[in-house]
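Dear colleague,

Please find below the structure I am handing over to you. My notes on what was found in it follow directly after.

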Amino acid sequence: MEPVRAYAHAKVNLHLGVGPARADGYHELATVFQALSLRDEVELAPTGVDALGPMVASLSAAGPFAAGVPEDETNLAWRAVEQVAARFRAEHGARVLPQVDIALHKGIPAAGGMAGGSADAAAALVLADELCARAYEVSGLGREALLEIAAGLGSDVPFILMGETALGLGRGEQLTPLLARGWYTWAIITNAQGLSTPAVFKKLDELRAAGRVAKPSLDTAGVARALLSGEPAQLAQALHNDMQPAAISLLPQLRKVLESGKNAGALAGLVSGSGPTCAFLVEDEDQAREVIAQVTADNRGTRGYVAWGPAPGVERV
Ligand code: C5P
């Protein structure tokens, strides 16, 4: 069997409203996701061995953002493949399945608040579904089942599967597509230091308990309206992230990164998700390059990339 490949894209949260922590430890979100052109490529290469046991034989990561990516069964892409295999066996009876080597090509900053790990999981889900469907000579699990498995893997995985622009409620996994006119250009600034998503949520809870940050901002109507206008300047006015003060509190350099980007002429900038990546909305590619030059000159350990949105969901290559 030939290897199969898919692309999955990064995301930015145009609006990220975070409610209080729930009993299950997650926070209720009201977020607007947009998929960006930065992408990972995932390959599943059958080893030639068919087995009744685990489907994944190995996982390796390469590319600009491969550093620190786990290459064992803790990787979300690995878990995604095993969960698809388990679902096929539960639905259609135990059967040998092709063992696969997973190869990730990382074009999305890792530990950056851009859903890089989720992207690999989403692409792996689609590819494993295809290989298992072929082995069982049935059609795939279908969109609903894949979205359900995706939500179990991580809060951002369902959106990455779907792509484009969407409202996310619940943990972020309850999705409604949003109409977005036009294209938006972004200057994406990564940081040498990563931030852990649970740590940023915890810091936000602490800041709130101490009365040091504003109440949750759960109204996404402003962003939805701005997206209908297709005007970057209007979207710039509407960008918002409740997690930003918590990310800045853990990594104070982000305040200066955001200032540099504004001084360099960006329409607006914000921390992407739980950070530390910052996303600057700009007029065009030339302005993106100016913002990147200025911010990376001002801030040690930062790097810049131009990105466009909205981008599609998982795409078979
Ligand atoms: O869903 P995911 O595994 O990506 O979430 C990682 C962590 O981020 C969770 O364990 C939780 O601590 C935090 N989180 C949260 N509320 C959300 C999403 C994530 O508190 N809606």
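Predicted model: local features only at pLDDT ≥ 70, side-chain atom pairs only at ≥ 80, totals over all residues.

Residues are numbered from 1 along each chain as its sequence is written, and side-chain values use heavy atoms, with hydrogens and water left out.

Aromatic and charged side chains

The structure holds 3 aromatic pairs; rings of Phe, Tyr and Trp (its six-membered ring) pair if their centres lie within 6.5 Å, and planes under 30 degrees apart count as stacked, over 60 as edge-to-face and the rest as tilted. One of them is the stacked pair of F33 and F159, with 4.5 Å centre to centre and 10° between the planes. This pair links distant parts of the chain, since F33 belongs to strand β2 (residues 27-51) and F159 to helix α4 (residues 157-162), 126 residues apart. Helices (H or I, at least four residues) and strands (E, at least two) are DSSP runs, numbered from the N terminus.

F65 and Y305 form an edge-to-face pair, 5.4 Å centre to centre with 70° between the planes. Here too distant parts of the chain are linked: F65 is in the loop between β3 (56-62) and α1 (76-92), and Y305 is in strand β11 (residues 302-309), 240 residues apart. F65 is buried, at a relative accessible area of 14%, whereas Y305 is partly exposed at 22%.

Two arginines place their charged ends over tyrosine rings: R39 over Y7, 3.5 Å from the ring centre, and R171 over Y26, 4.9 Å from the ring centre. The criterion is NZ of Lys or CZ of Arg within 6 Å of the ring centre and within 35 degrees of the ring normal.

The ligand

Which residues surround the ligand? They are G25, Y26, H27, L29, G154, S155, R171, T197, P198 and F201, a residue being near if one of its heavy atoms lies within 4 Å. An N or O atom in the side chain of H27 is 2.7 Å from an oxygen atom of the ligand, and a polar side-chain atom of S155 is 2.5 Å from a ligand oxygen atom. A polar backbone atom of R171 lies 3.2 Å from a nitrogen atom of the ligand. Taken alone, the ligand exposes 450 Å², of which the protein buries 73%; accessible areas come from the Shrake-Rupley method with a 1.4 Å probe.

Backbone features

Two peptide bonds deserve mention. The bond from G275 to P276 is cis, with omega near 5°, and P276 is in the loop between β9 (268-271) and β10 (278-282). The bond from G309 to P310 is also cis, with omega near -5°, and P310 is in the loop between β11 and β12 (315-316).

Positive phi values occur in A115, near 70°, and in E137, near 55°; neither residue is a glycine. A115 lies in the loop between β4 (97-105) and α2 and is buried at 9% relative accessibility. E137 is in the loop between α2 and α3 and is exposed at 73% relative accessibility.

With kind regards

Conventions
Buried < 20%, exposed > 50% of the residue type's maximum accessible area, 1.4 Å probe, protein only. Polar contact = N/O pair within 3.5 Å; in protein donor to acceptor, adjacent residues only side chain to side chain.
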